[in-house]
Amino acid sequence: MKIFRKIFIKMFTCFLFSCFILLASSILSGCQSTERQRIVRIGHNQSTSHPIHIALTAFKDYINETVGDRYVVEVYPSELLGSQTDMVQLTQTGAIDYCVASNAILETFSKNYEIFNLPYLFASADAYHHVMDDSDITGPIFRSTQKAGFTAVTWLDAGTRNFYTVNRPITSPADLKGLKIRVQQSPTNIEMMRLLGGSATPMGFGDVYTALQSNIIDGAENNEMALTDNGHGDVCKYYSYDMHQMVPDILIGNNVFIEEMTEEDRAVFEAGYQLVNRVEREEWEKAVENAREKAATKQNVQFLYPDQTPFVEACAPLHQSVLQKNPAIQPIYDAIQEYNTHYPAVIE
C-alpha cells in the first residue's frame, strides 16, 4: 500500500506540475499577444444607450477590424475611469488614450474654447454644424491644447440648449423676468441670465428635478433629452426653442500616442474619427426626435418657437465684453457670423 501511495503522490505531483506549465505557457502567450497589440482606452461619462457611446463603439469595431493585429480598442462608459475632469487629466498624461470632454473643461486649457460658450453665437443648427465642420475655423481651436499634451480629434453634437419652464411659456426675454432658472455653473451663463432679465440659479444637474418639483426654481435650460431621460418634462410643460447655446462635446487624444503612430495607422484612426462624428450625429438626431415625441405625447410638453432676435439683442453686450477680453478669438467670431448670414434661424 505504501508503494502505491508513493506512486500516486508522484503521479499527482507530476500532474500538478504539468498544469502549472500549461497555465504559465498560456499566460506567457497572452502577454506576448498583448505586446503585439496596443490596448487603446477611451473614456466618457454617458450611458451605453447614449449617441456618444454608440459612436465610440462603432469606432472600436472599425479599428479592431481594420488594424486589430496592432490595436485593441476598449471603451469605458458612465465615468468608469473617473469624472470628465479626471479623464482629461488621464488623457493629458497618457494613462488613457482618448476621452470625451466638455467645452467648459477644455476652456481651462485654452481660452480659444471660450467662444463656444457665448449665448446666441449660432443663428441656427445648420450654421452651427457648418462652422464645426469647417477645419479652417475649428483647426486652430482643436490644436490649441497641444502644449497641454492632448489634441481634439473630432467634435460631437450636443444639440441646442433651450429654456423650459413649469408654469410660464417663454416667448420673449420679458417672460424670464422674475423667474429662477437653473444654469450651468459658469460666469458666462450667469451673466446671460442677468442680461435676459431672469435670475440665474447655478446647481448640479442631478439636483434639478427635485428643485423643479419643489418650486425652488421655475425652470432650467438644456436639450430635449433632459425632458425625457431625466424626467424634467414631468414637471416643466413649456419648452422654448430660443437656442441660446450650441456647445459641442469634444473627443480628445493623447499627443504622444497619436504622434507615435505610423502614417498608415494614423490614416486609419483619422478615418475612425470621421466615423465617430458621423455616427454620433446620426444617433443624436434619432435621440432628439424620440425625446420630442415622448415629451409631446406622454408628458404633454408644448414646444414653442419664439423670435430669437430680442434674445440675441439682449445678450449682445456679453459678446462685446468677451471679445474685448480675448481679442484672439475675433477672427473666429467673424467667420461664424458669415455662416449665420447664410444659415439664419428658421421660424416654425
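This briefing walks through a few strands, helices and contacts in the structure above.

The model is predicted, so to speak of local features a pLDDT of at least 70 is needed, side-chain atom pairs count only at pLDDT 80 or more, and totals for chains, interfaces and linings use all residues. Residues are numbered from 1 along each chain as its sequence is written, and side-chain values use heavy atoms, with hydrogens and water left out. Helices (H or I, at least four residues) and strands (E, at least two) are DSSP runs, numbered from the N terminus.

**The five-strand sheet**

- Five strands line up as S2-S1-S3-S10-S4 in an open sheet with mixed pairing; two strands pair if DSSP finds at least two bridges between them.
- Strand S2 (71-76) and S4 sit at the edges with a single partner strand each, so one side of each has no neighbour in the sheet.
- On average, neighbouring strands here are turned by 25° against each other, direction ignored. For angles like this, axes are lines fitted to C-alpha atoms (for helices, over the stretch in contact), and angles between N-to-C directions run from 0 to 180 degrees.
- Strand S1 (residues 38-43) pairs with S2 in the parallel sense, over six bridges, and Ile 39 stands opposite Val 72 in S2.
- Helix H3 (residues 84-93) packs on the sheet and touches S1, strand S3 (98-102), S4 and S10, its direction making about 135° with that of S3. Touching, or contact, means heavy atoms within 4.5 Å.
- Helix H11 (residues 263-298) packs on the sheet too, touching S1, S2, S3, S4 and S10, and its direction makes about 35° with that of S4.

**Strand S4**

- Strand S4 (residues 150-156) is mostly covered, with seven of its seven residues buried. Buried means under 20% relative accessible area, exposed means over 50%, and partly exposed is in between (1.4 Å probe, protein chains only).
- S4 and strand S10 (residues 249-254) run antiparallel and are joined by six bridges; Thr 154 has Leu 251 of S10 as its bridge partner.

- Strand S9 (residues 238-245) runs antiparallel to S5, joined by four bridges, with Gln 245 of S9 opposite Arg 161.
- Strand S8 (residues 219-222) is also antiparallel to S5, again with four bridges, and Ala 220 of S8 is the bridge partner of Tyr 164.

**Helices H5 and H13**

- Helix H5 (residues 125-133) and helix H13 (residues 330-342) have axes that come within 9 Å and cross at roughly 135°.
- The two are therefore oblique to each other; angles under 35 degrees count as roughly parallel, over 145 as roughly antiparallel, 65 to 115 as roughly perpendicular, and the rest as oblique.
- Ala 127, His 130 and Val 131 of H5 make the contact with Ile 336, Tyr 339 and Asn 340 of H13.

**A look at Ile 54**

- Ile 54 lies in helix H2 (residues 51-67), and at 29% relative accessibility this residue counts as partly exposed.
- Leaving aside residues up to four places away in sequence, Ile 54 touches Thr 48, Ser 49, Val 279 and Glu 283.
- Along the sequence, Ile 54 and Val 279 are 225 residues apart, yet in space they are 7.6 Å apart, C-alpha to C-alpha.
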